[in-house]
Amino acid sequence: MSHNHEHGHNHTHSHDHSHDHDHAHTHAHDGKPDMSTKEKLDVLLAHWVDHNDSHKDNFYSWAKKAEQAGLDTVAARLKQAGDLSEKVTQQLKQAGENLHG
């Protein structure tokens with residue numbers, strides 16, 4: 001499901017959110033069979049990498065702003081969130097590499 005939303009700053013963006021439940025499909029879309037799990041994961045992993053990197057960049061950007069505002073503790077936490085996001089991105093990339101084995 002696509003939607004636009006704001007994050008408390010001056011931009012909006014669209015993205016899909018996957019859900020932790022399956023919807024049974026017993027029909028084909030436009031005469032094509034449903035995507036395999038591997039094909040879905042290929043698309044999802046690429047999307048998740050891009051989406052996570054976007055958040056990571058925002059964390060680092062706001063860490064810099066917080067630091068400039070003298071909010072050192074907040075800045076440090078935001079930098080940590082950015083660092084953790086980078087680790088998540090690396091795991092997602094490795095999953096993609098394993099998918100293509």
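This is a predicted model: local features need pLDDT of at least 70, side-chain atom pairs count only at pLDDT 80 or more; totals for chains, interfaces and linings use all residues.

Me: What makes the pattern of the protein chain β-β-α-α?

Reply: The protein chain has 2 strands and 2 helices. Read along the sequence, they follow the order β-β-α-α.

Me: Why are H1 and H2 called roughly antiparallel?

Reply: Helix H1, residues 37–68, packs against H2 at an angle of about 165°, and their axes are 8 Å apart. Angles over 145 degrees count as roughly antiparallel. The two helices, H1 and H2, are therefore described as roughly antiparallel to each other.

Me: What kinds of residues make up the contact of H1 with H2?

Reply: The residues of this contact comprise 17 nonpolar, 10 charged and 6 polar.

Me: Why does Ser85 count as buried?

Reply: The relative accessibility of Ser85 is 8%. Buried means under 20% relative accessible area. Ser85 therefore counts as buried, given its value of 8%. Of the 101 residues of the protein chain, 18% count as buried.

Me: Where does Ser85 lie, and which residues does Ser85 touch, not counting those up to four places away in sequence?

Reply: Ser85 belongs to helix H2, which covers residues 72–100. With residues up to four places away in sequence left out, Ser85 touches Asn52, Lys56 and Phe59. Contact here means heavy atoms within 4.5 Å.

Me: How much of the accessible surface of the protein chain belongs to carbon and sulfur atoms?

Reply: Carbon and sulfur atoms account for 52% of an accessible surface of about 7,900 Å².

Conventions
Residues are numbered from 1 along each chain as its sequence is written. Side-chain values use heavy atoms; hydrogens and water are left out. Helices (H or I, at least four residues) and strands (E, at least two) are DSSP runs, numbered from the N terminus. Buried means under 20% relative accessible area, exposed over 50%, partly exposed in between (1.4 Å probe, protein chains only). Accessible areas come from the Shrake-Rupley method with a 1.4 Å probe; for residues, only the protein chains shown count as cover. Axes are lines fitted to C-alpha atoms, for helices over the stretch in contact, and angles run from 0 to 180 degrees between N-to-C directions. Angles under 35 degrees count as roughly parallel, over 145 as roughly antiparallel, 65 to 115 as roughly perpendicular and the rest as oblique. Ala, Val, Leu, Ile, Met, Phe, Trp, Tyr, Cys and Pro count as nonpolar, Asp, Glu, Lys and Arg as charged, and the others, Gly among them, as polar.
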